[in-house]
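Could you walk me through a few local features of this protein model?

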Amino acid sequence: SSITGVAGTIFMRFLLGPQCDKYGARVLFTIVLCVASIPTACTGLIQNAAGLAVLRLFIGIAGGSFVMCQYWSSRMFTKEVVGTANALVGGWGNLGGGVTQIVMGTLLFPLFKTGMSAERAWRTVCIVPAVVAFFTGVAVQFVSDDSPKGNYKDLKKHGNMPEVSAAASFRSGAFNFNTWILFMQYGCSFGVELTMNNAAALYFRQEFNQTTEAAAAIASIFGWMNLFARGIGGYSSDKMNAKMGMRGRIIVQTVLLSCEGAMVLIFANTSNLAGAIVVMIVFSIFVQAAEGSTYGIVPYVNPSCTGSIAGIVGAGGNAGAVGFGLAFRQLESYKDAFIVMGCVILISAFLSLLIRIKGHASLLCGSDDPNIGKSALAVPEPEGEDDDDA
């Protein structure tokens, strides 16, 4: 079921990216949240493994909302702070998974007091996130805008924005080499986080003889770093951008990935429980900070197809989780899998040398175009508008 859930998310991220460029994030956010609330509410009706796999496939639709989230914040915030904005909304979104488990667990106790069985209680409480998702989707539709200039539909109606082809947008994003470098680097950050969510508890139970409850509690620390760590990555990217332009953002990305890879290798070779916990916390901070710095770069790759690029890069995170997950299944020990993971992350850090964004400096050469302004990453302008203004 986990594989089908990830597959559903990867597909939706590829699909929704170019649709964001065409329709904006607001309408798509509403559709995805409201539609995904239906299979979520049906969780309690599952009776077998096949049913769970199918359900997880459709619940994976909700994972595509990350693309709208990153696209929307890229449109709403100026270039000086877009890294911080993207990082905070992404990090708190990931943190929402842990908060949901706490809330749902808390809601189980009142149901127990009514005399409801444990099985019926957990099946019933699954309705709660579905209701929250549905009404959040409705709220997004009626209390928000697509961009600082207004909704895409109105902008197109009044000639302030051209019609955008979703296919052309995806083609432009997919044929940009930088997109796939960031795809791999995000796979080595968010993909690592997803892998750790599944593997950390079992690792602490097997390697350090912890009880299931204790191992789960220790592993949960990794996810709680989302509260601030991803934001640190985005903030650092913005600060270095202010000092060094795009080269500063790429430097932050490279350093964070390098430190992340090194910490994975140290974690794999730490035999003391207390030491392993401390190393895991530091490792987690670098993982999530790298996620934030990645989406500090994404909006610059090609502003006219930011949605498509955000979708492809986002799918890279889930694809990375699949790849690392296979390594953990196939290798003889988790220690070996962590060593492989660390080496792959270090290799991804060196891929930053290949990032070449038009109009911006690379890691080792070039300079930023002084004519590129510091305004918000705005919606595309109609062709010929500059001529008319002249």
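This is a predicted model: local features need pLDDT of at least 70, side-chain atom pairs count only at pLDDT 80 or more; totals for chains, interfaces and linings use all residues.

Residues are numbered from 1 along each chain as its sequence is written, and side-chain values use heavy atoms, with hydrogens and water left out. Helices are DSSP runs (H or I, at least four residues), numbered from the N terminus.

**A pair of crossing helices**

- Let's start with helix 10 (residues 177-187) and helix 16 (residues 306-330), whose axes come within 7 Å and cross at roughly 40 degrees. Axes here are lines fitted to C-alpha atoms over the stretch in contact, and angles run from 0 to 180 degrees between N-to-C directions.
- That angle makes helix 10 oblique to helix 16; oblique is what remains after under 35 degrees (roughly parallel), over 145 (roughly antiparallel) and 65 to 115 (roughly perpendicular).
- The crossing of helix 10 with helix 16 is right-handed, meaning that the near helix is turned clockwise from the far one by less than a right angle.

**Two buried residues**

- Thr 30 sits in helix 2 (residues 25-41) and is buried, with a relative accessible area of 12%. Buried means under 20% relative accessible area, exposed over 50%, and partly exposed in between (1.4 Å probe, protein chains only).
- The side chain of Thr 30 reaches the backbone nitrogen of Gln 141 at 3.4 Å.
- Setting aside neighbours within four places in sequence, Thr 30 is in contact with Gly 137, Val 140 and Gln 141.
- Ala 229 belongs to helix 13 (residues 229-244) and is buried at 0% relative accessibility.
- Ala 229 and Ile 285 are 56 residues apart in sequence, yet 5.1 Å apart in space, C-alpha to C-alpha.
- Not counting residues up to four places away in sequence, Ala 229 touches Ile 285, Gln 288 and Ala 289.

**An exposed loop residue**

- Asn 209 lies in the loop between helix 11 (190-208) and helix 12 (212-224).
- Asn 209 is exposed, with a relative accessible area of 69%.
- Although Asn 209 is not a glycine, it has a positive phi of about 55 degrees.

Note on methods. A polar contact is a pair of N or O atoms within 3.5 Å; within protein, one must be able to donate a hydrogen and the other to accept it, and residues adjacent in sequence count only if both atoms are side-chain atoms. Contact means heavy atoms within 4.5 Å.
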